[in-house]
Structures are given as C-alpha cells and as structure tokens.
Amino acid sequence: MLNEKIILITGGTGSFGNAFTEYVLTHYEPKKIIIYSRDEFKQFQMANKFEKYKDKLRFFIGDVRDRERLYRALYGVDYVVHAAALKQVPACEYNPMEAVKTNITGAMNIVDAALDCGVKRIVALSTDKAVNPINLYGGTKLVSDKLFIAANAYSGEKDVRFSIVRYGNVAGSRGSVIPFFRKIVEQGGEVLPITDYRMTRFWISLSEGVQLVIKALNEARGGETFISKIPSFKITDLAKAIAPWCRTEEVGIREGEKLHEIMVTREDSSMTYEYEKHYIVYPHYNWWREEQVIEGGIPVKEGFEYSSGTNTQWLNVEQLQELLKKDCAAH
C-alpha cells in the first residue's frame, strides 16, 4: 500500500515519527518520506539514525502554523500523518494562544493544503484527552479532530480521505509516567509519587500505535476514528513493577488530569463498531452514509463506554515487568 508513495509526517522527529519511519522503511518501499518539523537538531539526529535510507528521506524545516510552507511541502505528497502538536498539559494551560495556533490553526492549514495539493490520505493523531476534555490541550485536540472529520465534506469529487487515530500516552514515550518513575529510581529515590491510588491507564506501545495508523491509511473511507483494543493497568501496579522496593505516596490529582482514560464515550456508542483488534467511531454527519461502514464490524451495545477503568483486559505486575523489559531492550 505504501510502496512507491510519498509520505509526509508532521512533527516527524518525535517518538511516533521515528517509529513510523522505521516501520515503513523496513516493511515497504516508499518513494520518499518527508519529515516536516521545526527542530533542526532533531532532524540532524534522525538523518544520522537513518543514514542507510538517506535516498528515501527528506527533511523540511517548517511549522504547521506556516500555511505557505505547508503548501510547498505537500506538493506531490500521497499520504500525510499529522503528529505535530503542543502536547504538554501545563505548557498549554500557561500558553493557551500558542496551543490554539499549533493544534487548531495548524490543523486547518493541513486540511486546506491537503485538499488543494491533491493528497490522497490524511491520518491525524488524537488523544484520550480530546474525549470530554477538562484541559486546554484536550479542548484544542477535540477541535482538531472535528476539523479533520468535517474535512471529508469539503473533498467533493477528489479522492481524498481524512481520518483519526486515537490513543493515550504511549508506554515509555516522553512525558509518560514510566520515564518519570525510572528517573526517580536511578537517582536513588525511595518514594514514587502517585497522584491518586485509583488511577488507571491504557497500555499501548509505539509499534501498536504505528500499526493502527497504517490500518487507518489503508482502510479509512473518510471520517472514522480508529481506537486500538488494548489492556489497562493500575498506576499502583506500574510502580510495583518498576521498583517493588520503593514505597508510594499519594500526592493528589493534578489540574487537568483524569482518573481514567476514556476512548469512546457512551454518547458515541450509537456510532461505534467493534472489530477484532480495534473499535471505530463513525461520524455523526449527514454526508456520511451507512454503507461506508468497514466490513467485519459489529455495533456495540447502547451505552457502551471504552474506559481504562472498566476495561475487560488488565495487566498485572508480572506482565507489566515483562513489557517494561521489552521497552528497555527496544531503547
């Protein structure tokens, strides 16, 4: 599917962009992969990392806020994976205008440029924080999701499809709790701070996130939100898995933080279908037709909610330890 295609990744020097690039280069024969991002040093590091694929990679310095630069970058591109965003909750709260410019205006620029430049498939990365948002980051990503889904109504007769992939914090990625706990342990700390002992999260690896994006690029008909079926874990169990000799201390939930990650709300259950390894939430618009449902799905029951707190799959301490070993080996 990606053979002989030109693919552009916004925010391509991040954890996802590196993993996606490696996966595509080792499993497909793309014509070109364009890394579009703002940080020249990270681009330099990535170019060195993928030195043997230098004939396939191009690095564009650019910001999704820069509409003209996006138009130049997207010319001739077949597929776009939109991973660029301001993601840190406290930073977005303190710099709300900047979050809006990147996460909302940037999304609008991607939509316009993709439509005008003849891009065929666009997948935008979303987050659990966009579901019933309680912080500015989640609010901007909700708007971004709506923009990408509604973009399908503007495509006219063009062969272009916009879709969403939603997941929570990727295990071991920057900003996740795993490197935070590990740093405390490495520095000799004996106490792991936990915001709330009831807290749960979903576990998804970078490779699982990448494969879901590949699935969306391949199968999307326009407007879908793809969500992986993944296990949950308790934060207290994660602490035991990382450092069973450390004690934990409940420090109180932070502003803008949720007890559980929610991927599908009860309100969306009427438009949600279950597949073998994922769910798809279909759009609630009059331009969407029921025959666009992808084969193999079964409608979920009314009132269904996909939450890390009520999930049917759970990881225990021993399973978390095994996954953490794999994460260490991968890095």
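This is a predicted model: local features need pLDDT of at least 70, side-chain atom pairs count only at pLDDT 80 or more; totals for chains, interfaces and linings use all residues.
A disulfide is a covalent bond between the sulfur atoms of two cysteines, and the structure holds zero disulfides.

Ten strands make up an open sheet of mixed pairing, and reading across it gives the order β3-β2-β1-β4-β5-β6-β9-β14-β13-β15. Strands β3 (57-61) and β15 (298-299) stand at the edges with a single partner strand each, so that one side of each is left without a neighbour in the sheet.

Within this sheet, strand β1 (residues 6-10) and strand β4 (residues 79-82) run parallel and are joined by four bridges; in that pairing, I9 has V81 of β4 as its bridge partner. Helix α2 (residues 40-49) lies across β2 (32-37) and β3, and its direction makes an angle of about 175 degrees with that of β3.

## Strand β6 and its surroundings

Which strands pair with β6, and how do they run relative to it? On one pairing, strand β5 (residues 121-127) runs parallel to β6 and is joined to it by seven bridges, with A124 standing opposite I164 of β6. Because six of the seven residues of strand β6 (residues 161-167) are buried, the strand is largely enclosed by the rest of the structure.

Helix α6 lies across β4, β5, β6 and β9, and runs at about 155 degrees to β5.

## A largely enclosed helix

Helix α9 (residues 235-242) has seven of its eight residues buried, so this helix, too, is largely enclosed by the rest of the structure. The buried residues of α9 are I235, T236, D237, L238, A239, A241 and I242.

## Salt bridges

A search of the whole structure finds 17 salt bridges. One of them joins R121 to D159, with the closest N and O atoms 3.3 Å apart. Since R121 lies in strand β5 and D159 in the loop between α6 and β6, the pair ties together parts that are 38 residues apart in sequence. R121 counts as buried at 13% relative accessibility, whereas D159, at 42%, counts as partly exposed.

The side chains of R198 and D196 also meet in a salt bridge, with an N to O distance of 2.9 Å; R198 is exposed, with a relative accessible area of 56%, while D196 is buried, with a relative accessible area of 9%. In a further salt bridge, the side chains of E295 and R221 meet at 2.7 Å, N to O. This pair links distant parts of the chain, 74 residues apart, with E295 in the loop between β14 (278-281) and β15 and R221 in the loop between α8 (206-219) and β9. E295 counts as exposed at 59% relative accessibility, and R221 as partly exposed at 28%. Elsewhere, salt bridges that share partners join R65, E98 and K101 into one network.

## Residues with positive phi

Where in the chain do E4 and N132 lie? E4 is found in the segment before β1, and its phi is near 65 degrees, a positive value in a residue other than glycine; E4 is exposed, with a relative accessible area of 53%. N132 lies in the loop between β5 and α6, and its phi, near 45 degrees, is again a positive value in a residue other than glycine. At 47% relative accessibility, N132 counts as partly exposed.

Notes:
Residues are numbered from 1 along each chain as its sequence is written. Side-chain values use heavy atoms; hydrogens and water are left out. Buried means under 20% relative accessible area, exposed over 50%, partly exposed in between (1.4 Å probe, protein chains only). Helices (H or I, at least four residues) and strands (E, at least two) are DSSP runs, numbered from the N terminus. Two strands pair if DSSP finds at least two bridges between them. Contact means heavy atoms within 4.5 Å. Axes are lines fitted to C-alpha atoms, for helices over the stretch in contact, and angles run from 0 to 180 degrees between N-to-C directions. A disulfide is a pair of cysteine sulfur atoms within 2.5 Å. A salt bridge is a side-chain nitrogen of Lys or Arg within 4 Å of a carboxyl oxygen of Asp or Glu.
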